[in-house]
Amino acid sequence: MAGVAASILTGSLVLAACGSGAAEEEGTEGAAADGASTGVVVANGNEPQNPLIPTNTNEVGGGKIVDLVFEGLVYYDADGAAHNAVAESIETEDNQNYTITIKEGLTFSDGSPVTSSSFVDAWNQGALLSNGHLSSYFFEPIEGFSYEEDSELTGLQVVDETTFTVKLNQPESDFPLRLGYSAFFPLPEAAFEDPEAFGENPIGNGPYKLAGEGAWEHNVQIELVPSESYEGPREPQNGGVTLKFYETQDAAYNDLLSGNLDVLDAVPDSAFADFEEELGDRAVNQPAAVFQSFTIPGYLPHFGPDEEGKLRRQAISHAINREEITETIFQGTRTPASDFTSPVIDGWSDSISGSEVLEYDAEKAKELWAQADEISPWEGTFTLAYNTDGGHQAWVDATVNSLRNVLGIEAEGTPYAVFADLRTDVTADKMTGAFRTGWQADYPGLNNFLGPLYFTNAGSNDGNYSNPEFDKLITEGNAAPSVEEANAKYQQAQEILFEDLPAIPLWYSNVTGGSAETVDNVEFGWNSVPIFHEITKAE
């Protein structure tokens, strides 16, 4: 089984060479592909949390942008299958030592070449402890990575301009599958000269580039135009993409109905009952690799990694009527969760031991809460923070109301106007209560829903959870010789999560969206994001 993943990537998934524009960054003109439409597609988005450095971008607002501006060794099609992009080949004999060859003649949009060093230097920057990049966890498997001190990734070696090698700490069969995620994107030399300025006006190698200085208007929008010399598999079929940052999903939906927005990937809950009728065949309601939860950080009083904390987490989970909320509020656009991953991912199971903690059971919830009170009496108000620009108020209100009624405690929502502000407080460990969390998959694998969120010190481990046995099972799964054997380990790891409940699973999300009559060829991918480069729009 040792060479299966790599043999796929070096065979049928090798595509025509792709490059990004040789033109300079200044100016606002971009050229759509020959024969393509020339209209600029306007879609909804969110203000990114951080400057647009791929290794420090792990939320959907920034991720939607960097995925258009950059291109990785592989990319994922609408169904989540990986295809070579910058990579000419990815080869291994043992799933631990990889030789990666990139296509010749590729450039960033400033004309500088894409070389093997573009990847090696970018990965080293993202992995360096003192940089504190949010996606550093993804480099943990590479030899030389350290959570203790600044350390070079000694497992990365540049062979020549188009070849580099990767040595992992142990065999990991799905390593090639991960390489389409933004943490593994390349960077030009300019990114290292002035990282702060680069993050405001990133220079990528993808199908789009920023329209020029000031293209990113903070809290307003970002304008992207096609990168002129791009010849890769994601050739733009439009004249550009403008992402508008909305404060509420209702405002975005109203703009869609009035023709001021072309594509929407998040219908507000207020429109769930009517959007399919209002949009007709332009409505989208399909399963996606999105998991929703809320996290209770372990640093909060009464919720530590002890018996009291476990009892309270279990009580809260039993006190939530997921079936009722998904039916009455979400109108069938959500499905109650039965694990920590997603049903659209290969290996998913709805029968993991311990998952009964997700069942609504008011009497059980009261009993568990009372047991916790015997250890340490509860005081204060349970709070659940959420961002109002994401359409979360209705389910948060329903959830805290259920906690009040079932557990007999004070509970309330804590609104943040902007998603980026919530994420800033979360990553700075400034939260004083629980907070909504969710995961839109980076790559189509079970571990992507587990390791990045719950492995000790992982970049998206928002609750600072740590369990050595969980870490051990994830590590063993990563080293398994087959996907099937890896998934078995990941399911065992989930049994531990059901005991500890570092996050409270809520439901799986469908992508609910739609498009206006101004655009055609609108398709949503496996990860719920519109496939922007395929969308066409008349001038």
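Is Phe184 buried or exposed, and what is its relative accessible area? In this predicted model, Phe184 is buried, with a relative accessible area of 0%. Its partner in an aromatic pair is Phe175, which is buried too, at a relative accessible area of 1%.

Starting with the overall picture, the protein chain averages a pLDDT of 91, and 94% of the residues score at least 70. Residues 1–35 are where the pLDDT is below 50; even so, beyond near neighbours in sequence, this stretch has 108 contacts in the model. The chain carries 16 helices and 20 strands. Its C-alpha trace spans about 70 × 55 × 40 Å along the principal axes. A compact globule of 539 residues would have a radius of gyration near 24 Å, and the chain comes in at 23 Å, so the value agrees with that expectation. As for burial, 60% of the 539 residues count as buried. Of the contacts with a separation of 6 or more, 72% are between residues 24 or more positions apart.

Now for the rings. The structure holds 28 aromatic pairs. Take Phe119 and Trp123: their ring centres sit 6.4 Å apart with the planes at 85°, and because an angle over 60 degrees counts as edge-to-face, that is how this pair is classed. Both residues belong to helix 3 (residues 116–127), where they are four residues apart, about one turn of the helix. Phe119 and Trp123 are both buried. The pair of Phe175 and Phe184 is likewise edge-to-face, at 6.2 Å centre to centre and 85° between the planes. Elsewhere, a ring meets a charge: the charged end of Arg312 sits over the ring of Trp369, 4.5 Å from its centre.

Trp123 shows up again in the nonpolar packing. The largest nonpolar core has 147 residues, and Trp123 is listed among those that touch the most other members, along with Leu73, Val166, Phe294, Ile316, Phe382 and Leu407. Val166 makes a handy example: setting aside residues up to four places away in sequence, it touches Gln96, Asn97, Tyr98, Ile100, Trp123, Ile142, Gly155, Leu156 and Phe175. There is also a second, separate core of six residues, with Ala385, Val426, Met431 and Phe435 among them.

A strand residue, Thr242, is worth a look as well. Thr242 is placed in strand 11 (residues 241–245), and it counts as buried because its relative accessibility is 10%, with the cut-off at under 20%. Neighbours within four places in sequence aside, Thr242 is in contact with Val40, Val41, Val42 and Ala43, and also with Gln221, Ile222 and Glu223.

Two loop residues round out the account. Gly204 is in the loop between helix 6 (195–200) and strand 8 (208–210), and is buried, with a relative accessible area of 2%. From Gly204 to Ala370 it is 166 residues in sequence and 55 Å in space, C-alpha to C-alpha. Ala273 is in the loop between strand 12 (263–264) and helix 8 (275–279). Its relative accessible area is 54%, so Ala273 is exposed, given a cut-off of over 50%. Ala273 and Gly332 are 59 residues apart in sequence, with 9.1 Å between them in space, C-alpha to C-alpha.

Notes:
Residues are numbered from 1 along each chain as its sequence is written. This is a predicted model: local features need pLDDT of at least 70, side-chain atom pairs count only at pLDDT 80 or more; totals for chains, interfaces and linings use all residues. Side-chain values use heavy atoms; hydrogens and water are left out. Buried means under 20% relative accessible area, exposed over 50%, partly exposed in between (1.4 Å probe, protein chains only). Rings of Phe, Tyr and Trp (its six-membered ring) pair if their centres lie within 6.5 Å; planes under 30 degrees apart count as stacked, over 60 as edge-to-face and the rest as tilted. A charge sits over a ring if NZ of Lys or CZ of Arg is within 6 Å of the ring centre and within 35 degrees of the ring normal. A nonpolar core is a set of buried Ala, Val, Leu, Ile, Met, Phe, Trp, Tyr and Cys residues joined through side-chain atoms within 4.5 Å. Contact means heavy atoms within 4.5 Å. pLDDT is the predictor's confidence in each residue, from 0 to 100. The radius of gyration is taken over C-alpha atoms; the globule rule is 2.2 Å times the number of residues to the power 0.38.
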